[in-house]
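Subject: Structure handover

Hello,

Here is the structure for your files. My notes on what was found in it follow below.

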Amino acid sequence: MAKRNLYLNVIPVEEALERYLSVIKERVAIKTETIPVIRSLGRVTVSAIYAKYNSPLYNSAAMDGIAVSAGKTTEASDVKPLVLHKSEYVIVDTGDPIHEPYDAVIMAENLIETADGEIQITEPAMSWQHIRPVGEDIVAHELILTSNHKIRPMDIGVLLSAGITEIEVYKQINVAIFATGTEIIEPDQNIEDGSIIESNSRMFEGLVTEQGAKAHRQGILKDDYALIRDKVKEACDKYDMVIVNAGSSAGTEDFTVHVLRELGEVFVHGVAIKPGKPVILAMVGNTPVVGLPGYPVSAYICYQNFVRPLINYLQNSLDSNKEIVEAYLSKRLVSSLKHKEYVRVKVGKVEDKIIATPLARGAGAAMSLVRADGFCVIEQNQEGIEAGEKVRVELCRSVDEIENTVVSIGSHDLILDVLADMIPNKFSKMHLSSSHVGSMAGLMALKRGEAHIAPIHLLDEETGSYNIAIIKKLFGNSGKHMALIKGVKRVQGFIVPKGNPKHITEISDVTKCRYVNRQVGAGTRVLFDYLLKKNGIASSEVNGYDKEIATHMAVAALVQSGSVDCGMGIESAARAMDLNFVPVGHEEYDFAIEEHNLALPHVKAFIEILKSAEFQEKVLQLGGYECTHCGEIVQVL
């Protein structure tokens, strides 16, 4: 009599998977490979990817029209149009380089052409009007993608724009799929009494491919012990993983478990799941082999519970499903009545509300696609959406990830890129979402309940201290209990070209050059204004005081391009762009937070990374930082 497979001691699904994965992790090395970016769709990055080039590569026209010197157009008005001679402008199309002495573009539709071929304008141009500055979208050396990121079509576009042509990814695993059973036939074969059309292996092909692995269907094996043994052994030597469908139950011709015990080790046979009990989890050498039951529903359920997480582990990937959620908009959105507009948003859950923060809306802002957690749609014939209103957001990440995301709104620093890369590596499905709006705007977002933390570096002129005084002023009567998570001390100063050709050594020297400023409310702007006031310098004396840039790296990119001679920023940004740096002084870059949010698991993860030696080592390598008190908590209110 043929031997039956008896499995009287079934075990829980979670225990079975944990037992099996622990063996896999001991025996199977996760493989990587370097491939062209253009073939990287759906693959998972091994390490963080940083931009090689700026995008745009040069100052470029954002509109079709003419390039002019803004200073020569100040007298233009409706009453007295200004005539521009051919020597005073140059015709440009969108994307054309803008070179000195031109510093503004006038749109073609705002030009009046006279009968003799001259051009008239009826209003003055503003400096940098309709010009995309170098590095507006992507700045060389900034973080493009974090490690363990599944590459999407928009990521490929940004990688190429940033000069990245090859990328290291986790290798796709090759999965062999066997269908067994004397009674099963291919769909195109003649059907006889007792025949069963084989379909499960085709389903597995689709599921394996959907996960980004390579499926290799091996055809049908009849219920012949030696045949099954030899074919499975051959496949284990050739492929990264093997699926054997059917033959895992207790029938007299269910040979799979006996074959696997002869060839290797069976760690699980029988799981407390219905349907799907007779699943087999085994190893032949260092090759995982999974025996799945023959009933289609059982096969599918067992695939989802055991094969899917196994493939995810071997390829270092996570499943993600698009979901639609209701969120509260953190910033007013204005839109044209003519269009249906898709606005990219960052999304996170603060208290019991999901908050959607709009990202850059320009057609050229490709990085906003990479940074987006989802899309908010403004319908046609709708003028916009007010801040605080509910919106529907189609997520690019799972709700689980959104709920485990630390929402950061405030000042920019390169250490946020380091944190964003390290958090999901150390804490699965936990993330950091950063919006760079300046210190004051970050504190106001925190006050409105739209963020977990606000990165700040605000100097109080009266006390000479950083951050604590301003929190007390803003939140003193709010009833909120506030704290500071200590970040880093960093060096602020003037970012200048190599060799410091303008010989900038102190604040007064800024009046002799082309300057680029930070946005109102940014801590760097506050410091710069303080220095101007302290030295009796009016803002009108600074050429470029009204030209605002959102990040330190964007300031450095403009200096490197030669578009400006100087900008205030942090030393690490100057180093990243290989520029000179003139120190002004140290400041404290910390994270304001409501005290009760310190208990959130993802905030705890954020603090643990801040305290870690690995994080601090990476930060010190950037230059211009001290990490003495990283992660310490200071009670403020």
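Y53 is partly exposed, because its relative accessible area is 40%, and partly exposed covers the range between buried (under 20% relative accessible area) and exposed (over 50%), computed with a 1.4 Å probe and protein chains only. The model is predicted, so local features need pLDDT of at least 70 and side-chain atom pairs count only at pLDDT 80 or more, while totals for chains, interfaces and linings use all residues. Residues are numbered from 1 along each chain as its sequence is written, and side-chain values use heavy atoms, with hydrogens and water left out.

The loop between β2 and β3

Y53 sits in the loop between β2 (49-50) and β3 (60-61); strands here are DSSP runs of E with at least two residues, helices are runs of H or I with at least four, and both are numbered from the N terminus. Together with L57 and Y58, Y53 makes a nonpolar surface patch of about 310 Å². Patches are made of residues with over 30% relative accessible area and no salt bridge, with nonpolar side chains (Val, Leu, Ile, Met, Phe, Trp, Tyr) joined within 5 Å and like charges within 9 Å. Accessible areas come from the Shrake-Rupley method with a 1.4 Å probe, and for residues only the protein chains shown count as cover. A salt bridge is a side-chain nitrogen of Lys or Arg within 4 Å of a carboxyl oxygen of Asp or Glu. P56 is also found in the loop between β2 and β3, and a cis peptide bond with omega of about -5° joins S55 to P56.

Other backbone points

E100 and P101 are joined by a cis peptide bond, with omega of about 10°. P101 lies in the loop between β6 (90-92) and β7 (104-107).

H130 has a positive phi, near 55°, and lies in the loop between β9 (119-121) and β10 (131-132). H130 counts as partly exposed because its relative accessibility is 27%.

For E351, phi is near 60°, again positive in a residue other than glycine. E351 is in the loop between β23 (341-350) and β24 (353-358), and its relative accessibility of 46% is why E351 counts as partly exposed.

Most residues other than glycine have a negative phi, and most peptide bonds are trans.

Helix α5

V259 belongs to helix α5 (residues 256-263). V259 counts as buried because its relative accessibility is 1%. Leaving aside residues up to four places away in sequence, V259 touches Y225, I228 and R229, where contact means heavy atoms within 4.5 Å.

Regards
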